[in-house]
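Q: Hey, can you walk me through this structure? I'm new to it.

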Amino acid sequence: MAAASPSTSSPPEEGNSAAAAADDAAQQQQKKKKRKVVASAGETFTSLRGFKLVRVLNDNPRQKVVFLHAKWSGEAKSGGDGGDGERKDGEEEVEEEEGRDAVVILEKTPFRESQLPGLLSVDTELQGDLQNDIYGTYTARPPPGSSEMKATVICPATPLHLLKYTHREAFLIEETASDYRSTTLPFLQTSNFSLQWVYNILDKKAEVERVVFEDPDPETGFVLLPDLKWDQKQTNELYLIAICHKRGLKSLRDLTGEHLPLLQNILTKTQAAVLDRYGLAACRLRCYLHYQPSYYHLHVHVTHVGSEAPGGGVERAHLLGHVLRALAADPQHYALGTLTYALREGDGLLQAFQKAGRIPQ
């Protein structure tokens, strides 16, 4: 006996109704488990709706930043589609159990001077924690809009992204030129490190409006733009990246005396561009390269000398001025010398050094 249509007044039989409800629930559960998520090379989000916390990858109370592994269900995309799963040109439709992996970085932003009068007002609620003579500590609840956070979303995130932002124990590596040839370089050549986002910047396919300065020369030119870790609101937290146009240079190891014009051009024109744009003289800038870098296309970090930029430790940062002097004195200094850096537990390169017997298991 067929169930009555919703428009009829007579109810369906009880057994058929229960079976239909159970079948519908099973189908909905199956759809939930294997929903189709529209995935493209990068999404623009208007909220964090659709993200589900999986675990905390890392938490740095001092820097007031937390790194989260989340699953994105395909909701809350920009463009007014509401995350309805409709596929568009250039997007890939995939079936996944719980959605796409994502890394969400939440960081409390520094105070801005323009905010301070509003914070020192009746709109900021205080809850007393401790009072001793003239000293008091409180939990403060500022008015809406005065407690912004910076959110960085990497979606879809690869296992390498998840590993990068997970807290892990560190090990110090002293890499000889022989180590680089036998262990490091083969690892880099077989690893899947995508540079597409870098090429998008160099080819003016992305972030064009963020460019601070560009020298288009294919041999000595570069693009200068803000690092995503800087909110561009306070110059004492300045953080820029200079990405060279010349392709094929992976890191400090590839630099020889022939690259002195490139490095000098980056230093000189970056200092001039920062002075012109932000009013900061060269003596207030810290220009350096990382080894190992986080991505293998030559780039230079430019930060305010008074800031505590991540990766500024002696085991990783190499001041650009020092690099210039070292290569002028010995053109093969970085190609043939021993370089020291830290690797973290679970890093594929660390495992390669352990397999080679250079680091204890």
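Predicted model: local features only at pLDDT ≥ 70, side-chain atom pairs only at ≥ 80, totals over all residues.

Q: What kind of pair do Phe-45 and Trp-72 make?
A: Edge-to-face, because the ring centres are 5.3 Å apart and the planes sit at 85°. Phe-45 is in the loop between strand 1 (36-39) and strand 2 (51-60), while Trp-72 is in strand 3 (residues 65-72), so the pair links distant parts of the chain, 27 residues apart. Helices (H or I, at least four residues) and strands (E, at least two) are DSSP runs, numbered from the N terminus.

Q: Are those two buried or exposed?
A: Both Phe-45 and Trp-72 are buried. Buried means under 20% relative accessible area, exposed over 50%, and partly exposed in between (1.4 Å probe, protein chains only). Phe-45 and Trp-72 also form one aromatic cluster with Phe-51.

Q: New topic: which residues of helix 7 are buried?
A: In helix 7 (residues 320-329), they are Leu-320, Val-323, Leu-324, Ala-326 and Leu-327. Seen down the axis, they fall within an arc of 165° (taken from the directions from the helix axis to the C-beta atoms), so they line one face of the helix.

Q: And what's on the face turned away?
A: That face of helix 7 carries the exposed residues Arg-325, Ala-328 and Ala-329.

Q: What does the buried side pack against?
A: The buried residues of helix 7 pack against helix 6 (260-278), strand 13 (285-290), strand 14 (299-304), strand 15 (317-319) and helix 8 (333-336). Contact here means heavy atoms within 4.5 Å.

Q: Last one: where is Glu-125, and what does it touch?
A: Glu-125 lies in strand 6 (residues 125-132). Not counting residues up to four places away in sequence, Glu-125 touches Thr-139, Ala-140 and Arg-141. The C-alpha atoms of Glu-125 and Pro-143 are separated by 8.2 Å, with the two residues 18 apart along the chain.

Conventions
Residues numbered from 1 in each chain as written. Heavy atoms only, no water. Phe/Tyr/Trp six-rings, centres within 6.5 Å; stacked < 30°, edge-to-face > 60°.
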